Structures are given as structure tokens and as C-alpha cells.
Amino acid sequence: EKGGYPHFMLKEIYEQPKSISDCFRGRLNASTGHLLLGGLREYANKMVNADRIVIIACGTSWHAGLVAEYIFEEFCRIPVEVEYASEFRYRNPVIKEGDVVIAISQSGETADTLAAIELAKSKGAVIFGVCNVVGSSIARATHEGAYTHAGPEIGVASTKAFTAQITVLSMMALMIAQRRGTISERRYHEMLVELETIPAKVEKALALNAQIEQISEIFKDATNFLYLGRGYNFPVALEGALKLKEISYIHAEGYPAAEMKHGPIALIDENMPVVFIATKDSSYEKVVSNIQEVRARKGRVIAIVTEGDTLIPSMAEFTIEVPATDEALMPLVSVVPLQLLSYHIAVMRGCNVDQPRNLAKSVTVE
Ligand code: F6R
């Protein structure tokens, strides 16, 4: 059942080229310019005319929501709020006509997300669901939706569901952007073509496994980790830290790289591993400066960089090279080495990777 892999988590990490392609199936065809999500019918018009998008989710799905915030704002020019379902539901939130709500959940059973949906519904909102489990409570509670089609995710730590969620949300954003006229035809087509290349790029990131295993051996006894990224890679930093915490029980924090100087920099010494997600994008130079600041304090830098980068390898102790892609799609690729890093560290520490202590796959109580 684990397909020859020692754990479900590793199997699911390796399934990502396929789960992302499955997510495209029947929806995306770059050569013909076809992009259509069957579940986006009436809702598409609402979204095209939306004044605001409110995304509600928990945990890793909330991180996918953060990536979506950057994508929707960039391509659709619609303001987006990303809310923890547990906060949203107890805050008497302001929902107005012209707001659209997107709920994201792998299991479709998360109690807080479900309650947040019911609350938003009672205030008149129309809710769009992005779920993995077909027929789940959240899939049924939402008005329309798009399944991620990632297949069953058994490992408690979410991996392939995360990349499938971002894939669906990217397709949604591009569809809406085209209808709103906030994306040029040229850029739209470039993005569709680029989306189709993602499974092959994820495959290349998976080929880094042996290198990541070696790095894991070096850091497996660390007691803390810092993950830093900026722009599209900021949610990836949060997700990398969450994966490590969940399965290896090492304390880890994800932070926007530029916020480092407002606090976390105080933690940096020769014992602090700092994972930078520092791919070539619009914030590259600024992240390079942050790497220098960490090096100056003897922090141990592990950097995820774009293939062919020569600058960061001259500064970081370890560099992991991933293929280049559009910065808006980079989270789909840059998260993969972080999934593998947390997996190997957890295995080396003798942890129960698929069923970490204190965690459940579906959090059906608040
Ligand atoms: C992280 C993880 C959790 C879930 C969260 C939401 O690896 O598994 O943080 O992401 O409990 O679950 P869903 O997406 O099922 O609503």
C-alpha cells in the first residue's frame, strides 16, 4: 500500500508530479489556451466582480491560502484576506456583499473551517470550497468548489495536498484574471505554459533527495531551526517550519526574511540552522543581504536557490538548487526540498513520521 516506500509521507512527496498533473486533467491545456474549472460556474461571475476575497483555512491549507493571496492580488488585482478559521469564527467578522469566501481543506472535515463556513454563510456569503476528499463535510457545505484530486493523503503531515491546493488556486486566479482583464494575453499564456512544466520541475526537485538526506544527517540533532523567505516564498518558509515541527519535534519558526531584524536575529549563533528559500525572484537581492547578516552572526545557512545561482553558493554552507520557474509558481517547487528535509530528519531521529504524536489527520474537534 505504501508502493515500496518506507512511509506514506515519502510516497506522497514523490507522488507530487502526478498529483499536480491529475489536478490539471481536463482543466488546463496550455497549447489550446484551455483553462476551465468545472466547479466555477455562477461563482466565477461573483469572483470576477468581487471587491474582496476572504480565504479561510487551518494549518498547511492556510499556508496554501497565503500563497493564493499573493497570486490573486498580483493577477486579479482583488484584495485578499487570509484568515485562520478558528479566529474568523469567533470574531464577528465583517462580510459584505461583493465579498467572496474561499475555504481550503484537505480532509474537508476540519471543525473550525466548517464552523467558519457556516458563519460566513449565515452572513450571506457565497462560499467556494477547495477540498481533497470528495463528498466531505466541507465539500458539501460550500456552494461550489473544485477538488484538488491529489488522491488519498494518509501521512498526517500534508504534502501533496498542499501543492494540489496551490495548483487549483493558481488556475482559479488565472481564469478570473483573464475574465477581469487584469492579465495580458501574453502573460496569461506564459503562465499556462509554465504551469504545465511544474510536474517536470517537481521531478527535478525530487532528484535532490540524496543530497538532502546528507544535509539532514548534519542537522538532525539541532534543537531549533529558522526558515526565512520573502514574497511568494514567505508562505513556503512557514510551511517548511511547520513540516519540521510536526514530524521531527524540533522547534522551528518560519518568518518573512525581512522581519528577521525585528526579533529573530537575536536567536542567531553558531548553533542556529537557518533555511533560506532564496530563489531568483523580485526579492532576491534583499534575501541575499539577509543571508549575509546571518553569516556575520555565524548562523548555519542552508539555502534553496535557483539552478545556476553562483552568488549564494559562495555564502551559504549548503545550497540546494531547484529549477527556475515563474516566481508565482515557485512555491510548488521550492517546498519540495523542505518536505524532504523534514522527512529525513524525522526518520533519523526515530520519529513516527506518518503518525506524529498528538496530531490527527482530520481535526474534527475545535
Ligand atoms: C499540516 C497539517 C495540518 C492541516 C490542518 C488543516 O501538515 O496536516 O496543519 O493542514 O489541520 O487540515 P485540512 O486541510 O484537512 O482542513
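By class, the shell around the ligand in this predicted model is made up of 8 polar, 5 nonpolar and 2 charged residues. In total, 15 residues surround the ligand. The closest of these are Ser61, Ser105, Gln106, Ser107 and Thr110. As for secondary structure, the protein chain holds 13 helices and 12 strands.

Two of them involve the protein backbone. A polar backbone atom of Gln106 lies 2.6 Å from an oxygen atom of the ligand, and Gln106 also belongs to the closest residues named above. A polar backbone atom of Ser158 is found 2.9 Å from a ligand oxygen. A side chain takes part as well: an N or O atom in the side chain of Glu246 is 2.8 Å from an oxygen atom of the ligand. How much of the ligand's exposed area does the protein bury? Taken alone, the ligand exposes 410 Å², and the protein buries 89% of that.

Turning to the site itself, the space taken by the ligand is the largest pocket. Two elements give two or more residues to the shell around the ligand, namely α4 (59-76) and α11 (234-248).

The overall dimensions of the chain complete the picture. Along its principal axes, the C-alpha trace of the protein chain spans about 55 × 45 × 45 Å. Why can the chain be described as agreeing with a compact globule? For 366 residues, a compact globule would have a radius of gyration near 21 Å, and the protein chain has 20 Å, so the value agrees with that expectation.

Key:
Residues are numbered from 1 along each chain as its sequence is written. This is a predicted model: local features need pLDDT of at least 70, side-chain atom pairs count only at pLDDT 80 or more; totals for chains, interfaces and linings use all residues. Side-chain values use heavy atoms; hydrogens and water are left out. A residue is near a molecule or strand if one of its heavy atoms lies within 4 Å of it. A polar contact is a pair of N or O atoms within 3.5 Å; within protein, one must be able to donate a hydrogen and the other to accept it, and residues adjacent in sequence count only if both atoms are side-chain atoms. Accessible areas come from the Shrake-Rupley method with a 1.4 Å probe; for residues, only the protein chains shown count as cover. On a 1 Å grid over the protein atoms alone, a cavity is a set of points where a 1.4 Å probe fits but cannot get out, and a pocket is an open set with protein on both sides within 12 Å along at least five of seven lines; lining residues have an atom within 4 Å of a point. A molecule sits in a cavity or pocket if more than half of its atoms lie within 2 Å of its grid points. Helices (H or I, at least four residues) and strands (E, at least two) are DSSP runs, numbered from the N terminus. Ala, Val, Leu, Ile, Met, Phe, Trp, Tyr, Cys and Pro count as nonpolar, Asp, Glu, Lys and Arg as charged, and the others, Gly among them, as polar. The radius of gyration is taken over C-alpha atoms; the globule rule is 2.2 Å times the number of residues to the power 0.38.
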